[in-house]
Amino acid sequence: MAIIIALANQKGGVGKTTTGVNLGAGLASLNNHVLIVDIDAQGNATSGVGVQKSAIDKDIYDVLVNEEPIKNVVIHTQHAGLDIAPATIQLSGAEVELTSQIARETRLQEALKAVRDDYDYILIDCPPSLGLLTINAFTACDSILIPVQSEYYALEGLSQLLNTIQLVRKHFNPDLRIEGVLLTMYDARTNLGRQVNEEVKKYFKEKVYNTIIPRNVRLSEAPSHGLPIIDYDPKSTGAKVYTDLAKEVAAAHGK
Ligand code: ADP
Ligand code: MG
């Protein structure tokens, strides 16, 4: 049965999607069957794994709002073992439409039951907010991986995130855990990078991954080619660190 991990941080641009795509490909390269579920209307994970959004007929919106079986929207990517449930701009209306619907917080959880046995890992790429879509992810998942960008005010907003996790534990998912905290876009040359690292470790302790993701130009180029970093430039620093992260995550779960 798949381990379901949501990638979340309500700040935009901290590396959620980059981590979803590249951790997903990394885990698949370790012989795991992986599904990425894109629940951000921007659909960056979808295009990041090479899926042409204009060619998509049904997407995660149909799953969440119209109860389309998720199997009907899943697409195989070019990376062996890596599938995606895609999102398009259609999803931008979902939060409003779901508000008046029955079981609005548990739509994704219900949908994933049908594919949970088909995968080793399911990674949910959350939007940059703590709205209903993110609540759906937190209700559906086992644990949350929080990317934290190495910058001033890195920890700002994280108390809201932790409050939301607490609320979802109380109402929908008592066993919800924090999978790990990942430092992203780290620049070892600056004092700031080191300070943020210490601050994050003080706060999240052993939850912080040993693997740290540095700034790497190849990581920012790969999405425009629709390729995970290990396919775009297997010798890059980005490919190395995301392979390390995949091993660290896999070791934590013994697979
Ligand atoms: P989020 O999903 O949290 O909004 P993204 O993963 O889309 O964040 O990253 C935001 C931007 O930063 C993207 O353009 C991405 O290519 C770039 N980026 C992410 N991680 C790195 C990194 N380690 N080095 C360089 N650029 C990165
Ligand atoms: Mg994103």
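Analyst: An unreviewed UniProt entry places the feature "domain: AAA" at residues 4-178, in the numbering used here, with a shortened feature name and an annotation that may be inferred rather than shown by experiment. This is a predicted model, in which local features need pLDDT of at least 70 and side-chain atom pairs count only at pLDDT 80 or more, while totals for chains, interfaces and linings use all residues. Residues are numbered from 1 along each chain as its sequence is written, and chains are lettered from A and ligands numbered from 1 in the order in which they are written.

User: Which residues are closest to ligand 1?

Analyst: A residue is near a molecule if its C-beta atom, placed from the backbone, lies within 6 Å of it. Here 17 residues surround ligand 1, the closest being Gly-13, Lys-16, Thr-17, Thr-18 and Ser-220. Two or more residues of that shell come from each of α1 (16-29) and α9 (217-221), where helices are DSSP runs (H or I, at least four residues) numbered from the N terminus.

User: How do the axes of α1 and α11 cross?

Analyst: Axes are lines fitted to C-alpha atoms, for helices over the stretch in contact, and angles run from 0 to 180 degrees between N-to-C directions. The axes of α1 and α11 (residues 237-253) come within 8 Å and cross at roughly 65°, and the two helices are therefore roughly perpendicular to each other (65 to 115 degrees). Contact means C-beta atoms, placed from the backbone, within 7 Å; Asn-22, Leu-23, Gly-26 and Leu-27 of α1 meet residues of α11 including Tyr-242 and Leu-245.

Key: Parallel < 35°, antiparallel > 145°, perpendicular 65-115°, else oblique. Contact = placed C-beta atoms within 7 Å.
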